[in-house]
Amino acid sequence: MNKRCRTTNTARSAMSGRQVLLAQAALVGGLALALFVLELPSMVRELRIYRMTGGLRANRRYP
């Protein structure tokens, strides 16, 4: 049996690199989703203000 194919039961091999990357991606994705949900009301408010001031058509009215 080749030494490279053998797995050891040490603390290092508890999680593979792929599992660590998936856990990190899930954590970052969850944080991004939480930030988006928290900022959604302010984005809606800004969009309403933008639409009330005329949007792209109000070039010369508002500096």
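Biologist: Which residue takes a positive phi just after helix 1?

Modeller: Gly-54 does, with a phi of about 110°. Bear in mind that this is a predicted model.

Biologist: How many helices and strands are there in the protein chain?

Modeller: The chain has 1 helix and 0 strands. Helix 1 covers residues 17-52.

Biologist: Where does helix 1 have a kink?

Modeller: At Leu-40, shortly before the proline Pro-41, and the kink is about 45°.

Biologist: Which residues form a nonpolar patch on the surface?

Modeller: Start with the general idea. An α-helix has 3.6 residues a turn, so residues three or four places apart point the same way. Here the patch consists of Leu-33, Phe-36, Val-37, Leu-40, Met-43 and Val-44, and together they have about 530 Å² of accessible area.

Biologist: Is Leu-33 buried or exposed?

Modeller: Exposed means over 50% relative accessible area. Leu-33 has 54%, so it counts as exposed. Its place is in helix 1.

Biologist: What share of the 63 residues in the chain is buried?

Modeller: Buried residues make up 3%. The accessible surface of the chain is about 6600 Å², and carbon and sulfur atoms account for 62% of that area.

Conventions
Residues are numbered from 1 along each chain as its sequence is written. This is a predicted model: local features need pLDDT of at least 70, side-chain atom pairs count only at pLDDT 80 or more; totals for chains, interfaces and linings use all residues. Side-chain values use heavy atoms; hydrogens and water are left out. Patches are made of residues with over 30% relative accessible area and no salt bridge: like charges are joined within 9 Å, nonpolar side chains (Val, Leu, Ile, Met, Phe, Trp, Tyr) within 5 Å. Accessible areas come from the Shrake-Rupley method with a 1.4 Å probe; for residues, only the protein chains shown count as cover. A salt bridge is a side-chain nitrogen of Lys or Arg within 4 Å of a carboxyl oxygen of Asp or Glu. Helices (H or I, at least four residues) and strands (E, at least two) are DSSP runs, numbered from the N terminus. Buried means under 20% relative accessible area, exposed over 50%, partly exposed in between (1.4 Å probe, protein chains only). The bend at a residue is the angle between axes fitted to the seven residues ending there and the seven starting there.
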